[in-house]
Amino acid sequence: LLWLALHLLRDIGTEKIETSVLAAFALAFTAYTFVFSGIMTSGPFENWRMSPRLAEAARQAVNVQGCARYSAATVGFNEPSLVFLTGTDLLMTGGEEAARFVQGGPCRVAFVDARGEAAFKAALAPTTNIVLASRVQGLNLNVRRKLDMGVYALKAPTP
């Protein structure tokens, strides 16, 4: 990328405009591919990838129940990417409604931000089998704040 950028800067004004535009396009395409397929999908940028990590946590939580598919509700994290990864029936709601949703049947998961957990837990029935399956922490870039999401699902059946 650096080599291509230096040659582009050196050749601007001395080459035909078509050559400079083509080189700029090649630089932009290469940079885009490098950044979004390499850097942004691993390492220190993992915290930015909340939706894929939540979807994976949900799959793990319902796997123990033997569910091939699941439904999900989310409280405090309403990203379009989460809809694409969990299903178009994703319920974006508050803590009380998410508690009712996840208690409504098997193969259901609730993603609850730490700010909504008090209302969520208060709305759970006293004899509920809903447990915290995992926690996913990261950053929500759209609203520029840290997230601490609890992933709640039915307790794993005992053998």
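Student: Helices here are DSSP runs of H or I with at least four residues, strands are E runs of at least two, and both are numbered from the N terminus. Which helix does A23 lie in?

Tutor: A23 lies in α2, residues 17-37. Residue numbers start from 1 along each chain as its sequence is written. This is a predicted model, in which local features need pLDDT of at least 70 and side-chain atom pairs count only at pLDDT 80 or more, while totals for chains, interfaces and linings use all residues; side-chain values use heavy atoms, with hydrogens and water left out.

Student: Is A23 buried or partly exposed?

Tutor: Partly exposed, because its relative accessibility is 22%. Buried means under 20% relative accessible area, exposed means over 50%, and partly exposed is in between, with a 1.4 Å probe and protein chains only. D11 is 12 residues from A23 in sequence, and their C-alpha atoms are 9.5 Å apart.

Student: Back up a bit. How many helices and strands are there?

Tutor: Six helices and five strands. From the N terminus the order is α-α-α-β-α-β-α-β-α-β-β. The chain has 159 residues, and 31% of them are buried.

Student: What order do the strands take in the sheet?

Tutor: β2-β1-β3-β5-β4, in an open sheet with mixed pairing. Two strands pair if DSSP finds at least two bridges between them. β2 and β4 are the edge strands, each pairing on one side only.

Student: Which way do β1 and β2 run, parallel or antiparallel?

Tutor: Parallel, with two bridges between them. A73 has L91 in β2 as its bridge partner.

Student: And how many bridges join β5 to β3 and to β4?

Tutor: Five bridges join β3 to β5, and that pair is antiparallel. β4 and β5 are also antiparallel, joined by 10 bridges. Facing residues in β5 include V151, which stands opposite F111, and Y152, which stands opposite L132.

Student: What does α3 touch on the sheet?

Tutor: β3, β4 and β5. Its direction makes about 170° with that of β4. Touching, or contact, means heavy atoms within 4.5 Å. Axes are lines fitted to C-alpha atoms, for helices over the stretch in contact, and angles run from 0 to 180 degrees between N-to-C directions.

Student: On to the core. Which residues have the most contacts inside the largest one?

Tutor: L54, V109 and F111, in a nonpolar core of 21 residues. Such a core is a set of buried Ala, Val, Leu, Ile, Met, Phe, Trp, Tyr and Cys residues joined through side-chain atoms within 4.5 Å. Two or more residues each come from α3 (50-63), α4 (80-86), β3 (108-113) and β5 (145-154). α3 gives the most, with seven.

Student: What does L54 touch?

Tutor: Beyond the residues up to four places away in sequence, L54 touches F77, L82, F111, V136, M149 and V151. There is also a second, separate core of 12 residues, with A73, F101, F120 and L124 among them.

Student: F101 is in α5, then. Which α5 residues are buried?

Tutor: G95, A98, A99, F101 and V102, in a helix that spans 95-103. They are on the same side of α5 because they cover an arc of only 165° around the axis, the arc being that of the directions from the helix axis to the C-beta atoms. The cover over them includes β1 (71-75), β2 (91-92), β3, α6 (117-123), β4 (130-140) and β5.

Student: Why is T86 counted as buried?

Tutor: T86 is at 9% relative accessibility, so T86 counts as buried. T86 lies in α4, and a polar atom of its side chain is 2.7 Å from the backbone oxygen of L82.

Technical notes:
A polar contact is a pair of N or O atoms within 3.5 Å; within protein, one must be able to donate a hydrogen and the other to accept it, and residues adjacent in sequence count only if both atoms are side-chain atoms.
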